[in-house]
Amino acid sequence: MNTIRISKDFAPRTGARFKRLGPHSGEEFQNLLLKRLASATANDPLYVYIDGKNGYFSSFLEEAFGGLVRTNKITPADLEKKLIIEADCDANQPYVKQAKQYIQEAIARLNEAS
């Protein structure tokens, strides 16, 4: 199974939105997602687990997930087929909801622009 556990496979503590603001940024994680999504398929999607106990900044989540669509690096249709976001525990469910919301907001803005 194609998986990324953010705190275990990326960083125990995530950072801000952009690389220039410090390490473990949403921008860096977005690049990792793009690399892994390139080899994902509908039959073998990428599972991203929002895990750990340190919490996640909204700017990190928006850039990492909403930024995928907002920057036109992957189509919404491909993202829907290839990416599954889950939490490792109930405490992280709000972050999953937030990440999915950022994706939906980016899709809505993309549709408004076209």
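Biologist: Which residues touch the most other members of the largest nonpolar core?

Modeller: This is a predicted model: local features need pLDDT of at least 70, side-chain atom pairs count only at pLDDT 80 or more, and totals for chains, interfaces and linings use all residues. Numbering starts from 1 along each chain as its sequence is written, and side-chain values use heavy atoms, leaving out hydrogens and water. The core (buried Ala, Val, Leu, Ile, Met, Phe, Trp, Tyr and Cys residues joined through side-chain atoms within 4.5 Å; buried is under 20% relative accessible area, 1.4 Å probe, protein chains only) has 30 residues. Those touching the most other members are Phe-29, Leu-33, Phe-65 and Leu-83.

Biologist: Which residues does Phe-29 touch?

Modeller: Contact means heavy atoms within 4.5 Å. Leaving aside residues up to four places away in sequence, the list for Phe-29 is Ile-4, Ile-6, Phe-10, Val-48, Phe-60, Ala-64 and Phe-65.

Biologist: What is the radius of gyration of the chain?

Modeller: The radius is taken over C-alpha atoms, and the globule rule is 2.2 Å times the number of residues to the power 0.38. For 114 residues a compact globule would be near 13 Å, which agrees with the chain's value of 13 Å.

Biologist: What share of the residues is buried?

Modeller: The chain has 114 residues. Buried ones make up 41%.

Methods: Buried < 20%, exposed > 50% of the residue type's maximum accessible area, 1.4 Å probe, protein only.
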